[in-house]
Amino acid sequence: MKPLLVATDLDGTVVRPDGTISDRTVSAFALVEEAGAEFVVATGRPPRLVAEIAGRFGDRGLAICSNGAYLYDMHTRTVVEEYAITTPDLAEAVARLRAAIPGIGIAVEHAGRLVTDSVYEPWEWDRGATIERADDATLLSLPAPKLLGRHPSLSADELLALAKPALDGLVAAYHSNGSRLVEAIAIGVNKAAALARLAERSGVAASDVIAFGDMPNDLPMLSWAGTAYGVANAHPDVLALVDHVIGSNSEDGVAVVLEQLYAKENSVVGE
């Protein structure tokens, strides 16, 4: 029996350092579906940044976006589910972040727009978004699929060390290696929860799921999946957790594993 569901992070896992996804990797994803298994992208990217690469996957499959805040249909290129921080929790989280980390800029990320305070510094991952500078009344007026905080000098690891205790019990803070960036989503929202819902709908047990990742925001998903793989370039916390360390994203490590598991000469799922 082959794994019935494959979930993979994108950036740092299958996206190469130059921002491309190799033909070998795309072909390996096709092998998964040809064998009768499900293929799911699980990424910290918002829907707009998954839309720009959906064609690379043949406009098929589902994507868990913004670390679980959205479920995105890559065929129709539409958001089909959203899980957001409530407005009261958002206001409290922003107040706590500003108190704990002076100088931090705040943004609220929606599917196609980014609402920011006057301090927030847009970065490469904010490309494609309509950026709206706003006062707090507007910034905090709607539920937030993702809350972002960028600091002028502190690293992502340093920011998370400060933000996590400040936000404990209110929202879930993490980082996905964005430059000087800390991120937060609603408690209970993460890649693992979204993947578990998809697996349950398909009647797939966690033991029949494999997952690939590279950063701390992948840890819940890697912990939940029956078998976890970390690419060689992964964060130390990921390498310490996974069942298998594989080739790096520049070496098509994920593709190598999928070729071994779903090679056409091997039996298909259910045989």
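Start by selecting arginine 56, which is partly exposed at a relative accessible area of 32% (buried means under 20%, exposed over 50%, partly exposed in between, with a 1.4 Å probe and protein chains only). You are looking at a predicted model, where local features need pLDDT of at least 70, side-chain atom pairs count only at pLDDT 80 or more, and totals for chains, interfaces and linings use all residues. Residues are numbered from 1 along each chain as its sequence is written, and side-chain values use heavy atoms, leaving out hydrogens and water.

**Stop 1**

**Stop 2: a second pair.** Now select arginine 45 and aspartate 11, whose side chains also form a salt bridge (2.7 Å, N to O). Each lies in a loop, arginine 45 between β2 and α2 and aspartate 11 between β1 and α1, so the pair ties together parts that are 34 residues apart in sequence. Is arginine 45 buried or exposed? Its relative accessibility is 6%, so arginine 45 counts as buried.

**Stop 3: within one helix.** Move to helix α3 and pick arginine 96 and glutamate 92, four residues apart and separated by about one helical turn. Their closest N and O atoms are 3.0 Å apart, in a salt bridge.

**Stop 4: a network.** Select Arg48, Glu109, Lys146 and Glu183 together to see a network of salt bridges.

**Stop 5: the sheet.** Show the six strands of an open, mixed sheet, in the order β8-β7-β6-β9-β11-β10 (two strands pair if DSSP finds at least two bridges between them). The edge strands, β8 (130-133) and β10 (171-174), each pair on one side only. Further in, β9 and β11 run antiparallel and are joined by four bridges. Click arginine 150 to find leucine 181 of β11 standing opposite.

Definitions and conventions
Helices (H or I, at least four residues) and strands (E, at least two) are DSSP runs, numbered from the N terminus. A salt bridge is a side-chain nitrogen of Lys or Arg within 4 Å of a carboxyl oxygen of Asp or Glu.
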